[in-house]
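Take a look at the structure below. We will start at the ligand and then turn to the protein core.

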Amino acid sequence: SIPTEQWAQVVEKTGGPTVYKKIPVAKPGPDEILVNVKFSGVCHTDYHAMMGDWPLATKLPLVGGHEGAGVVVARGDLVSDVEIGDHVGIKWINGSCLQCAYCQRSDEPLCAKALLSGYTVDGSFQQYAVAKAAHVARIPKECDLEAIAPILCAGITVYKGLKESGAKPGDTVAIVGAGGGLGSLAVQYAKAMGLHAIAIDGGNEKGELTKKLGATAYVDFMSSKDLVADVRAATPDGLGPTAAILVAVTEKPFQQATQYVRSRGVVVCIGLPANAKISAPVFDTVVRMINIKGSYVGNRADSAEAIDFYRRGLITVPFKTVGLSQLQEVYDLMIAGKIAGRYVVDTSR
Ligand code: 8ID
Ligand code: ZN
């Protein structure tokens, strides 16, 4: 039976903190489902949301979280293709209009009316969360809900970013921020897609992790004296990677990437550091035919594909689990840059 009250992490004002408390369980609308969230990944985006880092307001009070894996416990009258008991994922795109020019072309993340889990609608840092039935990710019953949670944002996003990079099997890509939540999955999706991955991050722990996950080289931005030269030297022909997948949370690596990608290289911006700009010399951009672009989560097909890579055993999620009650501790580690891989929260404690 569905309780009327539940435990949640609530941001009451921008800047935080997040408060662990009991709140009412919401009722799903006609086109929505209610999900008993078992586990949720903690994405750096959740921290940006709490801090008000971006030029887009959140709802307040806010329940964050957008990597929620759980079980369907109720559904609205219009929902016919999701069953009670199904395993589903609550992802960043909670809903979209399904009618606009972008939605018609499967670019749902670009929909002006997109609902964002843990940002414009309450997300997965609670025991029971509402989601639009049309957008929930389908999780195969054979997949572990705890381990798959980070696929629901980090996995989908880096898989889409790699597709957007246009890199082909045999090419080399740089993963910038490779030891973090998105990066540690990007290294593995790259490998599974037939690409060589150069991991860039800071410190030995992230170097060991990314090499274990299949990176062909590790460049430590904290100790490298000439990062651009070191990244180029890590490619077989010395010309630099075909693409850079930027999932770091500071501005500097965004400028560096335009310098070390090879000519015709693609710089894919995914990380969203506060108040950051990307700039590059026009001359080099022109005569080296550099392509700078953004990539934003993924559509429903990208989501299903990213989950299927995981189901086939091609991706191992490096995660640690703590109770939902300990979310603030996870944020503290995150801003200290001390998380290798991803933290998952267990909503039962
Ligand atoms: O759709 C999107 N575009 C999307 C989806 C999901 C997340 C964008 N994001 C954004 C988040 O909002 C965040 O800004 O991607 C960024 C990365 O999210 P994350 O992977 O959840 O963050 P993390 O686990 O903290 O990892 C960041 C890594 O970057 C490294 C850190 O050491 C950490 O491992 N890093 C930093 I900070 N500076 C670096 C540098 N100069 C660096 N790595 C290389 N070079
Ligand atoms: Zn995310």
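Which polar backbone atom is 3.3 Å from an oxygen atom of ligand 1? That backbone atom belongs to Gly-180. Keep in mind that this is a predicted model.

Two further contacts involve oxygen atoms of ligand 1. A polar backbone atom of Leu-272 is 2.9 Å from an oxygen atom of the ligand. Arg-342 uses its side chain: one of its polar atoms lies 2.7 Å from a ligand oxygen. Taken alone, ligand 1 exposes 900 Å², and the protein buries 92% of that area.

Now step back to the whole shell. It holds 29 residues around ligand 1. His-44, Thr-45, Asp-201, Val-297 and Arg-342 come nearest. By type, the shell divides into 15 nonpolar, 11 polar and 3 charged residues.

Where do these residues come from? The largest share, 3 residues, comes from α1. Both domains take part: domain 1 (5–153 + 298–346) and domain 2 (155–294) each give at least three residues to the shell.

Next comes the core. The largest nonpolar core has 50 residues. Those with the most contacts inside it are Ile-148, Ile-151, Val-173, Ile-175, Leu-185, Tyr-189 and Tyr-310. Helix α5 gives the largest share of this core, 6 residues. Why does the core lie between domain 1 and domain 2? It lies there because both domains give residues to it.

Notes
Residues are numbered from 1 along each chain as its sequence is written. Chains are lettered from A and ligands numbered from 1 in the order in which they are written. This is a predicted model: local features need pLDDT of at least 70, side-chain atom pairs count only at pLDDT 80 or more; totals for chains, interfaces and linings use all residues. Side-chain values use heavy atoms; hydrogens and water are left out. A residue is near a molecule or strand if one of its heavy atoms lies within 4 Å of it. A polar contact is a pair of N or O atoms within 3.5 Å; within protein, one must be able to donate a hydrogen and the other to accept it, and residues adjacent in sequence count only if both atoms are side-chain atoms. Accessible areas come from the Shrake-Rupley method with a 1.4 Å probe; for residues, only the protein chains shown count as cover. Helices (H or I, at least four residues) and strands (E, at least two) are DSSP runs, numbered from the N terminus. Ala, Val, Leu, Ile, Met, Phe, Trp, Tyr, Cys and Pro count as nonpolar, Asp, Glu, Lys and Arg as charged, and the others, Gly among them, as polar. Domain bounds come from an automatic or database domain assignment. A nonpolar core is a set of buried Ala, Val, Leu, Ile, Met, Phe, Trp, Tyr and Cys residues joined through side-chain atoms within 4.5 Å. Buried means under 20% relative accessible area, exposed over 50%, partly exposed in between (1.4 Å probe, protein chains only).
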